[in-house]
Every structure is written in C-alpha cells, then in structure tokens.
Amino acid sequence: MNGKRIKWHIVVFLAPAVLVYTAIMIFPLFNTLRLALYSEVDQVRVFTGLDNFRTLFGDPRWSESFWNALGNNFWFFLIHMLVQNPIGILLAAILSHPRLRFAALYRSAIFVPTILSFVIIGFAWKLILSPIWGIAPDMLDAIGLKFLYAPWLGKEEYALTTLALVSVWQFVGIPMMLIYAALLSIPEEVLEAGEIDGITGAAAFWKIKLPLILPSIGIISILTFVGNFNAFDLIYAAQGALAGPDFSTDILGTFMYRTFFGFQLQLGDPHMGSAIAAAMFGIILIGVCLYLFGIQTRMRRYQF
Amino acid sequence: MTTKQLCVALLSTTILGSAAMAEDVTLTIESWRNDDLTLWQDTIIPAFEAANPGIKVKFTPSAPAEYNAVLNSKLDAGSAGDLITCRPFDASLALYEAGHLADLSDLGGMANFSAVAKSAWQSDDASASFCVPMASVIHGFIYNKEAFAEVGVEVPTTEAEFFAALDAIKQDGNYIPMAMGTNDQWEAATMGYNNIGPNYWKGEEGRLALIAGEQKLTDAQWVAPYATLARWGSYLGDGYEAQTYPDSQNIFTLGRAAIYPAGSWEITGFNAQADFEMGAFKPPVQNAGDECYISDHTDIAMGLNAASPNAAAARVFLDWMGTAEFASIYANALPGFFSLSSHDVAMEDPLAQEFVSWRGACNSTIRSTYQILSRGTPNLENDTWGASVAAIKGTETPEALGAELQEGLASWYAPHM
C-alpha cells in the first residue's frame with residue numbers, strides 16, 4: 001500500500017518549474033515545429049506538409065541562402081573553438097597559479113564583457129573599428145602598422161571573422177570561469193604525488209590537470225556549439241538584418257529573423273521562418289546528441 | 001506582498017486607468033519617423049489638439065529598419081496604435097488585405113489628393129484607398145557651397161561635369177569628394193541607383209515598361225546606372241565599405257565631404273547640423289540638353305488601424321490631415337517632405353525650394369522597385385541593395401548584376417517569365 005501512494009509533495013514542488021518551462025519553452029518550440037508544416041494562401045493558413053522544407057532545400061535561391069548561413073555558422077563556431085576555448089583554458093591555468101597577484105581583479109575584468117548587452121558590444125566595436133571615428137586605425141598608426149588596417153566589418157572576406165573575434169572577446173570569460181573552477185577542484189595531493197614523481201610546471205598541466213578537466217572542456221564545447229548556432233544578437237546589432245556585406249555574416253539566426261519577420265519591402269513569412277527555425281533545432285539536436293552519446297558517455301570520471 | 005494584495009493593487013490600477021481614459025480619447029500613432037518626434041510633439045499635435053478638444057494624440061515611433069517587422073507583430077497581437085504610418089505600396093496593401101487597415105475612401109479629406117498621390121495606398125483596382133497621403137521625397141545631391149567655391153568647381157548638370165567636379169575635389173585633397181558608405185546597403189540603392197537611374201530609363205516610361213514586362217533588367221538602360229555607380233567607388237572616403245549611414249551624414253555635416261547623394265528628407269537634419277551653406281543639384285543628365293527625370297517618391301501616409309477602439313476620433317484626425325493647415329505645418333516643419341495634397345503650400349526653406357523646383361523642370365517618377373516588383377521572393381528591392389553595393393565595390397560587372405536581378409525577378413513575376 002505504502003509504495004503506491006502518490007507523493008504529492010514531489011508534484012507540488014515540481015509544478016512551478018514544469019509549468020513555467022512548458023509555457024515559455026516547450027509549447028512555443030512544438031508550436032514552431034507545427035507552424036513549419038503550414039503555409040498561407042490568400043490569407044488562410046493551410047496545411048502543406050513538408051512543402052516548406054522542400055522549398056528551403058530544393059529551391060536553389062532558398063537553399064543557397066541556407067547553406068551560406070549554415071557555412072557561416074560553422075565558421076563562427078570554429079573560431080570560437082579554436083580561439084575562445086584555448087584562450088579560456090590558458091587564462092584559467094594562469095589564474096589558478098597560486099603566486100599570481102591581483103588574480104581576482106583579472107578574473108573580474110575578463111568576465112565583465114560577458115554580462116554586457118549585445119547591443120552595447122556591437123555598437124562599441126563598430127565604433128572602435130570604424131574607419132572614420134574609430135581608434136583602431138589610429139592605434140595601428142601609432143605603432144607603424146597602419147597598412148594592416150582595413151574596414152574589416154565592411155569587407156566580405158573579413159567581416160564574419162571579425163565578428164566572431166568580437167564574440168570571443170565577449171565570452172572568453174565563460175570557459176575561463178568553468179575551467180578555473182575545475183582546476184581549483186583538483187586536490188593538492190594529486191599534484192603533490194606527481195611532484196614526487198618529478199612532474200612539475202608545464203608537464204603537470206599537460207599530464208595531470210588537463211585530463212582531469214576534460215569533462216569541463218566537453219561541457220564548454222557543447223555550450224559553445226549551442227550558443228553559436230543560436231547566435232543572432234551580435235550580428236544583428238553590428239550588421240543589421242541583412243547581415244552584410246553581401247550576406248557574408250549571415251548566420252541561421254539572422255536568416256530566420258529576416259524570413260520570419262520580413263525586411264524593408266520583403267514581407268514576413270512566419271511559416272518559412274518556422275521551417276528555418278525547425279532546421280536550426282534539428283542541427284543543434286544532432287550536435288548535442290553526437291556529443292552526449294558519442295563523447296560524454298565515453299569520458300572517464302575520477303573520484304577523489 | 002501576498003497574492004491577494006497584488007491582485008487588489010493590479011485591479012485598482014486598471015480601474016484608475018480606465019477612469020482617466022473616459023475623459024479624453026487618446027490616439028496613438030505608429031511611425032518609423034523617430035527623427036520627427038519633437039516636431040509631432042511640439043507642433044503638429046498641439047495644433048490638432050487645440051482645434052479638437054477631447055482628443056489627445058501620442059506619437060510613438062520605432063526604429064526605421066525594424067518598423068515593418070515590429071508593426072506586423074503588433075497588429076497580429078492586437079497591440080498596435082490607432083493610427084498607422086503607411087509605407088508605400090505592398091507593405092501597406094498587405095496590411096489592408098489582411099484587414100488591419102480600414103478603408104478610408106469615404107473620408108472627406110481624401111478629396112484633397114490627386115489620383116497619383118493616392119496610388120501608392122490603393123488596392124490594385126484603385127477602388128479602395130486606405131491611407132491619407134502625407135508626403136513625397138525627392139532625390140538629388142546636396143553639396144557644400146563653401147567647398148565648391150574653395151575648390152573652384154561649378155554645379156554639374158551633365159555626367160561628364162559631375163565626374164570632372166569629383167576629380168577636381170579629389171585632386172584638391174581637402175574634402176572627401178562624396179560622402180556615402182556601403183555598410184548599410186540601402187543608401188547605395190536608394191541614393192545611388194534610384195537617384196541617378198531615372199535619367200537612364202526615362203522615369204515612368206521605363207518603370208511602367210518594366211512592370212509590364214516590355215523591358216528587362218538586362219537592358220542597357222537598367223544596366224548602365226550600375227556602370228556609373230562603379231565609378232563612384234574611387235570618390236568615396238577611405239574605408240567606405242564599413243561606413244554607415246549616420247557616418248556619412250556626419251562626415252558631410254562636419255564639412256569633411258563636398259557632395260552628399262541625398263534624399264530630400266535629409267534637409268531638416270542637415271540644416272540643424274551643418275554650419276556651412278548648402279545647395280542642391282538634380283541627378284546629372286548624360287548629355288547637355290537631355291530631358292531630365294527625378295525620383296519624386298510617394299513615401300509616407302497615415303492609415304487607420306481597423307481594430308482601433310477609437311475609430312471615430314482617429315477619423316477626425318485623418319480628416320484634419322487633408323486640410324491646408326496640416327499640409328502647411330508639415331511641409332514647413334519638415335522641409336524635404338513635400339506635400340502631396342493639392343493645396344498650394346508655400347515653403348520657406350531655400351534648400352527645400354531648390355528640390356521642389358525640379359518638379360517643374362523635370363519629369364517625376366517613383367523608385368523603380370517599389371510598385372508590384374517587390375511582391376515576391378527574391379525581393380527585387382532587397383536584391384537591388386546588394387547589387388548596387390557590389391557595383392560600387394566593383395566585385396561584379398554591371399552586366400552580371402543585371403542578369404542576376406532579371407533571373408530573380410523572372411523566377412516569380414509572370415510578365416517576365
């Protein structure tokens with residue numbers, strides 16, 4: 001009898017979170033997926049099955065924009081993986097050095113951009129890099145490297161990389177903090193045992209600390225992946241909805257926004273927009289699943 | 001605070017709020033003209049409220065680039081204002097067809113507008129008008145008179161003179177010859193392609209032939225403006241690729257550039273910012289003595305939100321917008337937005353007078369991409385932005401751009417298939 005009694009307190013305690021999460025996350029998500037299967041003909045919404053996806057991947061104009069956005073998204077992600085996360089790990093390693101002075105100051109200073117608004121970041125960097133009022137050309141001039149300056153945000157070949165690096169600048173604090181916490185949790189005894197065996201300094205980092213923080217690096221990678229494929233704000237704040245020049249900074253988020261809400265004379269098409277959102281969801285889902293089942297389950301954990 | 005107290009507090013605010021509402025009807029205006037906020041608050045609204053006690057008006061603009069998206073969402077959600085500032089052509093037509101804008105054909109004030117003025121806000125068969133026309137904008141070039149005098153160049157009337165003037169200014173080196181950037185893309189199309197283009201495609205003649213499918217975007221008269229734009233690149237400032245629209249405005253008003261490819265809507269802002277004398281010249285013609293064409297674009301109107309609870313008061317306001325009083329206040333407070341009404345409006349601003357004088361000397365047309373041709377996907381207007389930028393940067397040849405645009409248009413527009 002006792003085992004069958006419903007544990008009401010569990011239901012009560014879970015209810016607020018479940019209700020709020022369902023109302024603002026799960027319901028909109030499934031409704032968006034549903035909307036992707038409809039189309040509007042003469043002001044009436046009609047069910048069209050997978051037609052929107054056929055247009056998105058089959059029509060050369062749509063698919064070209066989609067693959068361009070997806071490719072840009074991968075480049076955006078790659079820059080973060082190659083620049084943001086190694087720098088984050090490096091900063092964490094330096095910060096966790098016991099003899100570093102003003103560690104708390106550096107930690108806060110590097111973390112501060114993370115809490116700034118995208119709009120501020122986008123606007124500030126646009127001004128910094130501006131060929132007209134910016135300090136970037138003058139600073140390069142001061143060290144005699146003026147020839148290196150280019151109007152980066154206006155050139156097809158540099159704009160996306162520039163924005164990715166701005167984003168790295170903003171978010172490098174997150175991997176730094178997570179790795180820093182992981183490094184602090186490594187017990188002294190382990191390191192001391194290593195020292196007795198003659199492993200010190202850089203060797204201690206590569207041979208002892210790095211393997212122990214691998215799970216954290218995995219988590220950071222997946223957070224970076226999800227964050228980058230959902231990115232929108234920075235590109236929108238810096239380059240606008242057209243993600244110029246010539247769509248070179250167009251990522252899935254801006255492509256979706258433009259399609260869903262329309263732009264200038266282009267009227268919004270919520271159904272095609274939802275189809276793009278559904279494709280984004282699929283891509284992120286596949287990425288997360290690959291990580292969870294391919295990497296996470298094989299990762300070894302150490303208990304101290 | 002307990003839930004009960006909170007409920008009571010919330011309820012009492014709604015009661016108090018609705019009590020205040022009962023005294024005056026408040027009309028809210030949706031607009032993208034956030035530049036005009038003070039004008040509406042200090043001049044237009046007081047003039048209306050003085051004549052119509054009991055109706056209060058609030059002007060609540062949003063950012064121009066986001067206006068259409070924001071407005072559509074608000075209308076769908078039922079939270080939009082009573083009066084809707086109308087973009088010309090399809091954006092507003094779609095709102096009317098979706099039932100968001102009320103039919104205003106029977107409004108008394110509508111009699112004060114010509115058929116051409118109303119054409120941008122009518123159903124395709126012209127049976128229903130849904131916005132009261134407010135103003136048009138004229139394209140041309142604004143120049144720094146002091147810079148021209150200093151360098152010793154004359155105001156150009158032909159294209160050869162135009163580029164000779166640019167060369168002279170570039171040679172002189174004190175001024176950036178022309179202030180425009182390609183970062184925001186639309187300037188290249190609006191102040192570039194559609195500014196100089198009408199002289200090539202002969203205004204309305206070419207525009208209507210394009211809509212009818214008799215001309216193609218690969219024809220010489222539609223490609224040639226791109227070839228001319230390609231020559232602009234070397235006269236723009238360093239790093240023009242990353243120069244934004246406000247950057248260009250500031251460069252010109254700070255006196256660092258000599259010529260600014262403009263729309264007449266800049267006049268107010270430039271008058272306030274620039275401390276040098278400015279003049280304007282119309283888009284130069286190819287050969288001396290050629291007939292000239294200008295873009296006199298029906299740009300802005302005001303419609304009634306069909307779901308507005310204050311429709312009666314809103315109609316009073318819209319009716320008032322058709323009067324000579326409004327036309328005069330608006331045209332003089334906003335020199336550069338030229339009244340579309342048939343009232344004879346006297347304007348005081350010399351720069352605005354210069355712009356409007358071209359209406360007598362040249363043939364007027366509107367922007368080529370706005371009527372019907374931007375109804376499908378890919379959107380011709382948006383594609384023209386990209387094409388104009390590519391032309392200026394020289395990343396693609398004019399012929400290739402024309403072919404691409406034609407292919408895009410032909411993919412959905414029957415007369416071109």
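**Two interfaces in a predicted model**

Across the interface of domain 1 and domain 2 of chain B, the rule finds six residue pairs in polar contact, both at pLDDT 80 or more. A polar contact is a pair of N or O atoms within 3.5 Å; within protein, one must be able to donate a hydrogen and the other to accept it, and residues adjacent in sequence count only if both atoms are side-chain atoms. Residues are numbered from 1 along each chain, and side-chain values use heavy atoms, without hydrogens and water.

**Between the domains of chain B**
- Domain 1 covers 3–136 + 298–349, and domain 2 covers 138–296 + 364–416; the bounds come from an automatic or database domain assignment.
- Their centres, taken over C-alpha atoms, lie 31 Å apart.
- The rule finds two salt bridges across this interface (a side-chain nitrogen of Lys or Arg within 4 Å of a carboxyl oxygen of Asp or Glu).
- Arg375(B) forms a salt bridge with Asp90(B), with the closest N and O atoms 2.9 Å apart.

**Between chains B and A**
- Here 39 residues of chain B are in contact with 27 residues of chain A (heavy atoms within 4.5 Å).
- Three salt bridges cross this interface.
- Glu156(A) and Lys393(B) meet in a salt bridge, at 3.3 Å from N to O.

**Confidence**
- Chain A has a mean pLDDT of 90, and 98% of its residues reach 70 or more.

Key:
Chains lettered and ligands numbered in written order. pLDDT = per-residue confidence, 0-100.
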